Amino acid sequence: FKGGDTCEYLLSSGRFLGEKVWQPHSCMMHKYKNSEAKNCLIEKHIVFIGDSRIRQLFYSFIKLINPQIKEEGNKHGNIPFEDKSASIKVDFLWYPEVNGSMRQRIKSWTEGAVAKPHIIVAGAATWSIKIHNGSNEALTQYKINITSIAPLLEKLAKSSDVYWVLQDPVYEDMLSDSRKMITNEKIDAYNEAAIRILNSSSRNSKAKVKLFSVSKLIAQETIMKSADGLHLPESSRDTNAMILMNVYCNKIMKPIDGSCCQPQPPLTLIQKLAFCFFTFSIIGYLIISLIHRNNFRKNKSCADLESGEEKKPAASTPNVSTLEMLLHSFCKLGLIMTYFYLCDRANLFMKENKFYTHSSFFIPIVYILVLGVFYTENTKETKVLNREQTDEWKGWMQLVILIYHISGASTFLPVYMHIRVLVAAYLFQTGYGHFSYFWIKGDFGVYRVCQVLFRLNFLVVVLCIVMDRPYQFYYFVPLVTVWFMIIYATLAVWPQIVQKKANGKGLF
């Protein structure tokens with residue numbers, strides 16, 4: 001745990017998992033679908049203002065809304081985009097230099113004459129380096145211009161989300177002759193100026209312009225694949241656009257598999273009641289346990305005094321009441337649920353997206369198989385699909401399915417298909433076990449039904465309460481519960497046919 005805002009980490013740090021999967025530091029990034037992007041950005045106005053690199057980011061962003069969009073039209077001009085179905089408006093404004101023209105456009109949004117965009121993404125520098133041949137005078141003028149723009153951006157940041165995109169490094173060996181003056185040394189100097197000047201105003205210390213610096217890290221790994229040494233490859237631009245979408249939309253959509261930029265969810269009333277219940281259980285158990293042990297010591301010392309002899313401490317322990325056992329169980333359950341909540345619903349621990357590799361899936365399976373060779377037991381059962389055989393089969397499947405979920409193997413199609421077979425087999429095993437019990441025992445009493453329903457659902461119901469999840473989120477338990485009730489109803493309704501009746505009447 002390093003504390004801090006996960007939005008900061010998302011915008012400034014991370015690493016590649018493999019070649020294409022970007023992993024932000026300490027949090028999980030959600031991959032937005034078109035429908036989700038539209039729901040988040042409904043009736044929003046987004047503006048990208050800057051040079052050709054910002055234009056590329058603009059195209060990658062609108063492709064998250066409409067994948068059919070093609071990069072065409074005037075490259076050195078304004079480009080509008082509108083999705084009428086969701087009333088989303090996204091504009092690219094061509095301002096390749098940080099100068100008076102850019103300042104005037106930004107100022108128009110602060111004066112109220114023009115509606116303010118909800119999101120502003122800005123950035124420029126390479127044209128200033130190119131046009132002025134990398135001169136120091138150009139850098140000085142850049143500092144003056146961005147100093148004049150900074151208060152306006154900070155004013156906009158009070159009501160809108162404002163992002164300043166720092167300049168990506170270039171691949172100098174691939175640059176054309178007209179761009180040779182754009183060196184990484186110059187780019188670093190311009191970035192340092194932007195970082196130092198933006199958000200430096202003490203008057204607007206609460207209104208922060210967010211620095212989009214993570215693009216530099218992504219570019220350092222991928223700029224070698226650039227077509228011209230200046231512009232990022234498409235996959236890197238798409239990653240940057242997805243980061244922007246996560247920064248803005250995660251706090252609105254609150255995706256289950258995305259933790260970046262999500263505030264810790266407030267405790268619901270039922271969660272607070274559960275917390276109080278487990279707290280009182282722990283306090284009650286400690287009080288009763290101390291009272292019992294204190295009484296036990298007193299009774300033991302009195303017995304020793306009456307006998308007049310010194311005796312060695314007895315090995316016996318104080319009698320444990322049913323209430324104490326129940327409270328002890330609730331204590332353990334409460335501690336387990338607290339750990340679950342801290343891991344999944346709080347921001348105490350760093351989180352990471354699952355990234356599948358063959359070794360992360362197959363090595364644990366091989367390890368368990370080798371380990372299983374040394375743990376074998378004999379059985380007296382000879383029937384096919386006897387209880388011990390089905391239990392072992394289900395145990396192996398549980399282990400494989402667990403490794404499958406931990407390693408994120410659902411992205412690898414052959415493994416995914418085999419795991420679907422195991423899940424279906426596990427469902428069959430569960431139904432077969434319930435059927436066998438009713439068929440052999442003929443016990444259709446309410447006690448048996450309540451016992452099975454409790455055993456299947458108790459943990460899930462507690463998880464729903466503590467984790468604030470819907471029952472359907474734990475999809476397999478509702479599935480086996482429904483099929484248990486179907487099997488019970490099928491065998492319990494008239495005419496009841498069980499093993500004893502079938503054998504007695506010669507039906508089979």
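View 1. Cys 260 is buried, with a relative accessible area of 0% (buried is under 20% relative accessible area, exposed over 50%, partly exposed in between, with a 1.4 Å probe and protein chains only). Cys 27 is likewise buried at 0%. The two residues form a disulfide with sulfur atoms 2.0 Å apart (a disulfide is a pair of cysteine sulfur atoms within 2.5 Å). The S-S torsion of Cys 27 and Cys 260 is about 90°, so this link is right-handed. The model is predicted: local features need pLDDT of at least 70 and side-chain atom pairs count only at pLDDT 80 or more, whereas totals for chains, interfaces and linings use all residues. Residues are numbered from 1 along each chain as its sequence is written, and side-chain values use heavy atoms, leaving out hydrogens and water.

**View 2. The disulfide of Cys 7 and Cys 261.** The sulfur atoms of Cys 7 and Cys 261 are 1.9 Å apart in this disulfide. Both residues are buried.

**View 3. The disulfide of Cys 40 and Cys 249.** Cys 40 is joined to Cys 249 with an S to S distance of 2.0 Å. The torsion about this S-S bond is -95°, and the link is left-handed. Cys 40 and Cys 249 are both buried. The structure holds 3 disulfides; with the bonded cysteines numbered in sequence order, their pairing is 1-6, 2-5, 3-4.

**View 4. Cys 276 and Cys 331.** The cysteine sulfur closest to that of Cys 276 belongs to Cys 331, at 15 Å, too far for a bond. Cys 276 is partly exposed at 36% relative accessibility, while Cys 331 is buried at 7%.
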